[in-house]
Amino acid sequence: MVKSAEEKTTDRTFPFSALVGQDLMKRALLLNVVDPSIGGVLIKGERGTAKSTGVRALADLLPTLRVVEHCPFRCDPDMLEELCPSCRERVAAGQSLPVAERPVPLVNLPIGTTEDRLLGTIDIEKALKTGTKAFEPGLLAEAHRGILYVDEVNLLNDQIVDLFLDAAASGRNVVEREGISFSHASRFILVGTMNPEEGDLRPQLLDRFGLSVTIRGIETLEERVEIVKRRLAFEADPEGFRARWAAEDRALAQRIQSARDALLMVALTEELLRLASQIAVAMGSDGHRADIAMIKAARANAALEGRSMVTDEDLHLAARLVLPHRVKKTPLEKAELDEGKLQELLASNAGTGAGDPQPWVPVHHNVPKASPKGTRTASPVQCVTHLCPTSRTLLALMPWHRMEPGTHPGRRFVLPLAKHSGTVHGTRWPTPAEDSGDLSLLGTLRAAAPYQTFRRNGNGRSDAPCILLPQDLRLRKRSRKTGLSLVMVVDSSASMRSSDRMSVTKGVIDALLHDLYRRRDKLGIVTFRHTSAEVLLPLTHNLRDAAAAVDALPVGGRTPLALGLHLGLRLLVQEKRKNPETIPVMLLFSDGRPNMSAFGADPVDETFYYAREVQRHKIQAIFVDTEMDPMAGGCAYEIARRMGAVYLPVDRLIHDR
């Protein structure tokens with residue numbers, strides 16, 4: 001049964017059927033609704049391409065749910081094996097469960113959500129009133145049997161992403177913390193959206209999403225005009241606009257319900273299963289998730305189209321949704337599906353169903369690696385002791401003197417004593433004048449427990465469940481990983497042409513980009529040449545754009561080195577204000593020969609001034625000297641000394657293979 005207008009929670013939601021274009025995104029959302037076991041859909045797109053509008057409109061197509069009334073976990077009364085502990089106790093006691101009809105919930109996961117809010121935690125109010133530990137449900141409980149919408153999923157903490165992806169895969173939320181052991185069903189339709197310009201997800205997390213679709217703004221003039229007309233009509237009269245599209249939404253909702261009912265009756269042939277695996281191997285996808293998701297998506301599409309058997313067309317559509325985010329082999333490689341290769345594989349399979357299926361044998365199961373040739377470059381950050389993640393030598397004067405280097409891919413350093421977010425590692429005493437917003441209830445109760453008998457007798461309150469004093473307060477001890485905010489200042493003046501310096505520099509930068517991607521650092525690029533300096537790339541996690549910007553670096557003109565330092569310093573000072581926990585680093589590639597005045601003074605004096613400013617603002621610095629001739633007359637070492645920078649000759653970063 002489709003929700004009536006009175007039962008809908010968002011009467012001002014734009015109708016799903018009224019969305020113009022973006023057919024691949026809409027089909028991915030519908031397939032995920034027909035078979036939620038596909039594993040969720042990730043929508044990548046520019047700003048203003050109807051990502052959020054499509055997700056919110058999707059909830060209106062789903063039928064109402066039969067739930068246990070007043071149950072915070074929205075238990076299904078017909079699924080006794082998935083009841084929460086409270087409902088299970090009522091059934092065991094012989095009580096009947098009251099049933100109510102509720103709309104499908106759409107739960108939005110905020111960017112700043114914490115682990116407690118996501119998984120659930122102790123019910124503090126009940127614990128203080130009764131002295132008993134009780135579980136307070138989190139967002140995963142609210143999303144049970146509904147839609148969990150994660151906007152800007154690439155900006156979330158990686159740990160939070162891991163947690164809700166684990167719940168989506170297992171269908172259960174298991175909480176073991178602060179003396180609480182609790183488990184409840186958490187089956188939801190997962191939808192994530194992101195803007196690729198703001199950085200990508202780690203490949204391990206990308207692979208956990210079953211489907212992925214990249215959308216762009218519509219370029220057809222007629223369709224753009226139609227989008228404007230429909231949006232204006234909706235804003236002028238939302239109820240009337242929804243009424244005009246209600247019939248199409250009802251028909252689509254009926255198709256979804258029919259597809260759900262017929263899903264398990266859709267037939268799959270052996271040839272189709274072989275073709276799906278052949279496509280996955282030929283496209284170079286790792287693991288077996290691609291094969292499984294491809295078959296599930298193809299089956300869901302056949303059910304949605306009302307067919308009783310999966311066809312090659314269904315598999316073609318499924319491959320377009322399942323493979324794009326799984327074909328990338330290097331961090332800086334653009335994720336693109338080879339449509340021509342896919343068409344060839346499908347064409348080669350056409351007509352094979354008439355006879356016995358022929359097994360596909362790849363030429364090379366494991367393609368041998370090519371022998372290394374030429375030279376190998378290293379990342380400058382890996383050559384600096386106090387920034388290298390495998391080193392435990394940290395100088396006391398560094399602002400990260402309390403940080404511990406990580407030993408695996410992910411954020412570079414562990415930041416202890418993080419506040420209000422991060423992983424919990426026990427309890428701690430509050431510092432003077434610190435608020436108690438991040439209270440550890442279990443730690444506070446444990447601190448107060450040995451004194452309860454004395455306090456009750458001393459105050460004549462023998463019936464009090466628990467008497468707490470200020471000295472009992474304990475806060476959660478948290479830690480969170482942090483990384484670098486690195487601004488790369490690149491000299492692209494005419495002197496970089498000699499001795500092939502720019503090509504060597506680009507090789508070193510390529511190694512640096514891979515290192516930064518692996519450690520989830522932020523990167524900005526500033527270049528200076530002739531009479532100006534410009535920001536090629538603001539500080540971002542999107543390193544594919546950084547690779548493209550480096551490839552397009554111009555070369556020529558004079559060397560206004562002071563302007564490059566000035567612009568790079570300004571970017572890092574702004575980043576420090578916005579994100580005080582980051583580690584700002586300036587990486588300068590230059591031969592140290594300033595010959596262009598930026599502010600009317602001597603070019604060398606101006607450069608020395610801004611070099612001292614870098615040190616005064618406590619910006620960590622690395623100077624990569626691109627001068628190949630050790631007897632040249634540049635002043636790179638002196639600039640590095642005044643910056644307080646680590647001085648690295650570029651030949652130290654180049655090794656013979």
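Me: How many of the eleven residues of H14 are buried?
Reply: Eight of them, so H14 is largely enclosed by the rest of the structure. Buried is under 20% relative accessible area, exposed over 50%, partly exposed in between (1.4 Å probe, protein chains only). This is a predicted model: local features need pLDDT of at least 70, side-chain atom pairs count only at pLDDT 80 or more, and totals for chains, interfaces and linings use all residues. Residues are numbered from 1 along each chain as its sequence is written, and side-chain values use heavy atoms, leaving out hydrogens and water.

Me: Which residues in H14 are buried?
Reply: Asp314, Leu315, His316, Leu317, Ala318, Ala319, Leu321 and Val322. Helices (H or I, at least four residues) and strands (E, at least two) are DSSP runs, numbered from the N terminus.

Me: At what angle do the axes of H1 and H14 cross?
Reply: Roughly 95°, with the axes of H1 (residues 23-34) and H14 (residues 312-322) coming within 11 Å. The two helices are therefore roughly perpendicular (65 to 115 degrees).

Me: Which residues meet there?
Reply: From H1, Leu24, Arg27, Ala28 and Leu31; from H14, Leu317, Arg320 and Leu321. A salt bridge has a side-chain nitrogen of Lys or Arg within 4 Å of a carboxyl oxygen of Asp or Glu.

Me: OK, H2 next. What do its buried residues pack against?
Reply: H1 plus strands E1, E4, E7, E10 and E11 (contact is heavy atoms within 4.5 Å). Seven of the nine residues of H2 are buried, so this helix too is largely enclosed. Lys51 is among the buried ones.

Me: Back to salt bridges. How many does the structure hold?
Reply: 20. One of them joins arginine 145 to aspartate 76, with the closest N and O atoms 3.7 Å apart. Arginine 145 is in the loop between H6 and E7 and aspartate 76 in the loop between E2 and H3, so the pair ties together parts 69 residues apart in sequence. Both residues are buried.

Me: Which buried arginine has no salt bridge?
Reply: Arginine 474, for one: the nearest side chain of opposite charge, aspartate 472, is 5.7 Å away. Arginine 474 lies in the loop between H17 (452-459) and E16 (475-482). Beyond its neighbours within four places in sequence, its contacts include Thr427, Trp429 and Leu439.

Me: And what percentage of the chain's residues count as buried?
Reply: 50% of the 657. The chain has 22 helices and 23 strands.

Notes: Axes fitted to C-alpha atoms, helices over the stretch in contact; angles between N-to-C directions. Parallel < 35°, antiparallel > 145°, perpendicular 65-115°, else oblique. Lys, Arg positive; Asp, Glu negative; His and termini not counted.
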